[in-house]
Amino acid sequence: MSVLNGDGNKAKTAAAILLTLPGNPFLYYGEEIGMRGEKPDEYIREPFRWYPGHGPGQTTWEEPRYNNGPNAVSVQAQLHDPDSLLHWYRQWIRLRHQHPALMDGTVQPLQVQDTRVAAYQRISRGEQLNVLHNLSDQTVTVTVMRIITCTSYTPVPPMCKSGNTDRIKRW
């Protein structure tokens with residue numbers, strides 16, 4: 001989160017890309033709640049924040065340097081917030097597990113006319129998904145060039161047919 005200057009939207013975009021590309025996604029602990037950290041290495045990953053303050057299981061042997069104060073992130077603060085980064089990760093992990101194409105499918109680039117959109121298709125036996133990521137801070141309208149029926153995942157996953165024009169909003 002430090003590299004993204006605390007921008008939650010960029011963190012959500014990065015998470016969605018990570019969880020829709022091939023391979024085994026790897027998360028550093030704290031990434032799913034947006035914990036910050038800085039060099040030297042011993043301060044990149046501070047004790048995990050379960051609560052905004054102290055509580056059962058919360059580390060007490062070291063005070064956080066970057067994840068404290070009124071803007072400190074924690075699991076408790078995000079647990080019931082549907083717009084939180086933690087909820088976002090859970091949603092994308094659930095989608096990944098529900099779709100074989102996202103778990104072990106191949107990847108093929110999709111042609112779109114707007115360079116602000118990363119577009120690719122994930123394909124496995126019996127499933128083809130078009131994945132479109134809006135990399136900008138504006139709503140983008142794109143046309144997917146390949147003609148196949150698909151499910152396209154954007155912040156709110158709409159059903160689509162390739163060849164149609166879809167609007168991808170920035171979340």
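Analyst: Start with accessibility: a residue is buried under 20% relative accessible area, exposed over 50%, and partly exposed in between (1.4 Å probe, protein chains only). This is a predicted model: local features need pLDDT of at least 70, side-chain atom pairs count only at pLDDT 80 or more, and totals for chains, interfaces and linings use all residues. Residues are numbered from 1 along each chain as its sequence is written, and side-chain values use heavy atoms, with hydrogens and water left out.

User: Why is Phe26 called exposed?

Analyst: Its relative accessibility is 56%. The cut-off for exposed is over 50%. Therefore Phe26 counts as exposed.

User: Where is Phe26 found, and what is it in contact with?

Analyst: Phe26 sits in the loop between H1 and H2. Helices (H or I, at least four residues) and strands (E, at least two) are DSSP runs, numbered from the N terminus. Contact means heavy atoms within 4.5 Å. Leaving aside neighbours within four places in sequence, Phe26 is in contact with Leu18 and Glu31.

User: What makes Phe26 and Tyr28 an aromatic pair, and of which kind?

Analyst: A search of the whole structure finds 4 aromatic pairs. For Phe26 and Tyr28, the values are 5.2 Å centre to centre and 90° between the planes. Rings of Phe, Tyr and Trp (its six-membered ring) pair if their centres lie within 6.5 Å; planes under 30 degrees apart are stacked, over 60 edge-to-face, and the rest tilted. The pair is therefore edge-to-face. Elsewhere, Tyr29, Phe48 and Trp50 form one aromatic cluster.

User: Why is Tyr28 called partly exposed?

Analyst: Tyr28 has a relative accessible area of 48%. Partly exposed lies between the buried and exposed cut-offs, so Tyr28 is partly exposed.

User: What about Pro22: where is it, and what does it touch?

Analyst: Pro22 is in the loop between H1 and H2. With a relative accessible area of 41%, Pro22 is partly exposed. Beyond its neighbours within four places in sequence, Pro22 is in contact with Gly105, Val107 and Arg122. Pro22 and Arg122 are 100 residues apart along the chain, yet their C-alpha atoms are separated by 8.3 Å.

User: Which residues of H1 are buried, and what covers them?

Analyst: Ala11, Lys12, Thr13, Ala15, Ala16, Leu19 and Thr20 are buried. The cover includes helix H3 (85-98), helix H4 (100-104), strand E2 (117-124) and strand E3 (127-134). At the start of H1, a side-chain oxygen of Asp7 reaches to within 2.9 Å of the backbone nitrogen of Asn9.

User: What makes Asn5 stand out, and is Asn5 buried or exposed?

Analyst: Asn5 has phi near 55°, a positive value in a residue other than glycine. Asn5 lies in the segment before H1. Its relative accessibility is 67%, so Asn5 counts as exposed.

Terms used. Polar contact = N/O pair within 3.5 Å; in protein donor to acceptor, adjacent residues only side chain to side chain.
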